[in-house]
Amino acid sequence: PSVELRQRNKTKSSESEEATKEDKITDAPLPQRAPKYVLFQRFAKIFIGCLAAVISGMMHVFYLSAYHERKFWFSNRQELEREITFQGDSAIYYSYYKDMLKAPSFERGIYELTHNNKTVSLKTINAVQQMCLYPELIASVLYQATGSSEMVEPVYFYIGIVFGLQGIYVTALFITSWIMSGTWLAGMLTVAWFLINRVDTTRIEYSIPLRENWALPYFACQVAALTGYLKSNLNTNAEVYEVYKIYVFSLFLGYLLQFENPALLVSPLLSLVGALMLIKCLQLNVKKGTFVAKVMMVIKFYLVCTLPVTLNLIMKMFIPHKENGHMLKFLEVKFGLNMTKNFTLNWLLCQESLQAPSQDFFLRLTQSSLLPFYVLVLIICLLSMTQVIFRRITGMSQKTAVTLEDGRIGGRPEIIYHVIHTILLGSLAMVIEGLKYVWTPYVCMLAAFGVCSPELWMTLLKWLRLRTVHPILLALILSMAVPTIIGLSLWKEFFPRLITELTELQEFYDPDTVELMTWIKRQAPVAAVFAGSPQLMGAIKLCTGWMVTSLPLYSDDDLLKRNENIYQIYSKRSAEDIYKILTSYKANYLIVEDAICNEVGTMRGCRVKDLLDVANGHVVCKEGDKLTYSKYGRFCHEVKINYSPYVNYFTRVYWNRSYFVYKINTVISFQS
């Protein structure tokens with residue numbers, strides 16, 4: 001036993017000597033670069049990246065400005081012709097910007113917008129709340145405060161702000177991709193993909209004042225800031241809790257700015273964030289891998305799934321709010337859970353922006369190589385996230401600081417956030433095509449980050465277990481070679497097309513609408529009220545300032561009902577019925593559009609007159625429906641013939657190739 005004891009002591013002493021030797025080796029100072037050289041390298045990298053980001057944003061602004069000028073010949077047109085280029089709801093937003101500039105003071109302008117009774121007949125609306133006019137308020141203040149009235153016209157100032165925001169939008173996407181990948185090469189690739197796929201990334205070319213063109217740049221800036229915050233903080237639990245508080249504060253601020261809108265308080269987002277904060281407070285510090293830890297994990301998962309729904313139901317019980325019935329019915333019909341003859345719902349379902357994306361959308365993304373690389377990056381990140389989650393559930397030991405050699409890109413908080421975000425946005429975009437303008441820029445950013453990230457390639461190579469080449473070296477090579485090859489191919493194929501678009505002369509020519517607006521301004525009484533399609537009414541409000549019966553806005557139940565009633569001028573209804581509808585809204589003039597009356601739609605059953613016939617029961621929608629025969633012809637056709645009883649109610653006062661204007665008679669004379 002004594003001999004064995006000596007031998008054990010000897011082995012222990014030898015092990016301790018070897019450990020001290022290893023400590024000495026590891027403690028030995030390694031050759032390091034000079035601090036000045038490291039600082040200069042970092043500064044140069046940041047400076048070049050920031051310069052590239054700013055230049056990318058500015059180039060995008062210049063491109064939009066040049067393309068807009070080439071398409072509309074904006075500088076060579078009169079004010080009326082410029083305003084006609086604002087179509088649909090865009091015209092309404094810009095008209096209120098003009099009203100603010102005409103107001104004697106800012107306070108008076110705000111009051112007139114919040115108590116507006118000069119837009120829609122028999123209706124006083126809070127235009128700031130209902131149409132979210134804060135961008136127009138800010139633009140009008142900046143225009144007057146900066147003294148720009150002496151240097152630039154109001155329309156150019158307005159367009160310049162929107163185009164400038166698009167530059168910020170592109171810069172924010174550049175920075176986000178740069179932060180995630182660590183190289184500004186990813187930002188350059190993001191911008192390239194964004195420009196090439198701009199048909200699916202933005203609607204700025206056709207509808208400048210749309211709310212999304214104001215909102216998405218700020219959204220991109222928030223995403224960039226959150227990405228930097230998640231990457232710079234090491235304590236995941238603490239930083240996510242701070243993000244929750246930011247979300248709550250933002251929702252509360254929006255609640256106040258939207259005139260105490262109760263819909264924000266009962267929103268699913270607030271319930272989800274509140275539930276996660278409660279779960280975080282109830283979280284216990286237990287040793288990982290134990291039975292108690294696994295039970296707590298199951299309880300936490302159960303609470304995450306059930307507590308947000310419970311909170312949302314409780315808040316809806318105690319907070320007075322108005323359910324959006326049209327949206328719920330729309331979703332039911334959209335997913336085939338129900339059928340309806342309702343004109344408004346069917347009309348919304350026929351809108352291209354509310355349908356599922358077409359095959360052309362995916363074909364365009366594939367031709368630019370965006371979709372294949374996005375799918376590759378998303379799959380790698382998802383599998384890596386699954387691997388990390390499995391390790392945590394099973395209690396396997398994990399490093400606090402993940403290095404490039406580890407190849408675990410799914411363990412980074414900002415990557416988890418973006419993967420979840422892009423899946424949610426993508427799911428919505430697959431149902432409603434209009435949401436692709438939120439998702440596709442995200443796709444550009446995420447795909448560019450992935451192909452430029454050495455860590456993503458390292459994750460893939462670690463799974464493949466290559467032995468011939470060192471994985472780190474190969475990952476670094478791929479992170480530079482792949483985006484370079486993509487960039488060169490995009491340059492060769494798409495750059496000539498962009499140049500051609502800028503050199504190609506186009507022209508927006510709509511003389512009939514110009515003539516109509518000119519006639520209204522010269523001949524119609526100032527107190528006149530016009531009735532017609534909502535899209536045309538928006539243009540009349542902007543170009544003439546006259547009162548209308550409806551607007552192209554779909555968030556108000558009363559306006560939706562008005563739109564349906566006014567659209568009856570294209571149905572098979574009697575002259576007396578149409579007269580009663582129009583006079584109930586105090587309309588003085590009716591405008592019939594030949595394009596709607598004689599519409600030849602590409603999608604069967606989506607023409608306005610078809611939808612009206614279905615809603616009025618004049619055609620069979622499905623088996624078992626009762627067909628109601630109409631003894632009247634289509635009103636928009638019959639009123640043009642000028643025979644009784646139509647001439648008793650309506651007198652034609654103006655017409656051209658596209659529009660027929662009828663004065664609604666106040667005194668009815670019945671003729672044989």
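Helices α17 (343-350) and α26 (557-566) each contribute at least two residues to the lining of the second largest cavity, helices (H or I, at least four residues) being DSSP runs numbered from the N terminus. The model is predicted: local features need pLDDT of at least 70, side-chain atom pairs count only at pLDDT 80 or more, and totals for chains, interfaces and linings use all residues. Residues are numbered from 1 along each chain as its sequence is written, and side-chain values use heavy atoms, with hydrogens and water left out.

A cavity is a set of points, on a 1 Å grid over the protein atoms alone, where a 1.4 Å probe fits but cannot get out, and lining residues have an atom within 4 Å of a point. The second largest cavity holds about 60 Å³, a volume being the space filled by probe spheres set on points joined across faces, edges and corners. Its lining comprises Phe343, Thr344, Trp347, Pro534, Tyr554, Leu560, Asn563, Glu564 and Tyr567.

In the whole structure, 3 cavities of 30 Å³ or more were found. The largest has a volume of about 70 Å³; at least two lining residues come from each of α8 (154-181), α11 (211-232) and α21 (436-451). Among the residues lining the largest cavity are Tyr169, Phe219 and Met445.

Val54 is located in helix α2. A nonpolar surface patch of about 1,100 Å² includes Val54, Phe43 and Trp184; patch residues have over 30% relative accessible area (Shrake-Rupley method, 1.4 Å probe) and no salt bridge (a Lys or Arg side-chain nitrogen within 4 Å of an Asp or Glu carboxyl oxygen), with nonpolar side chains joined within 5 Å. Helix α2 supplies the largest share of the patch, 9 residues.

Methods
1 Å grid on protein atoms, 1.4 Å probe; cavity = no way out; pocket = protein on both sides within 12 Å on 5 of 7 lines; lining within 4 Å. Patch = residues over 30% accessible without salt bridge, like charges linked within 9 Å, V, L, I, M, F, W, Y side chains within 5 Å.
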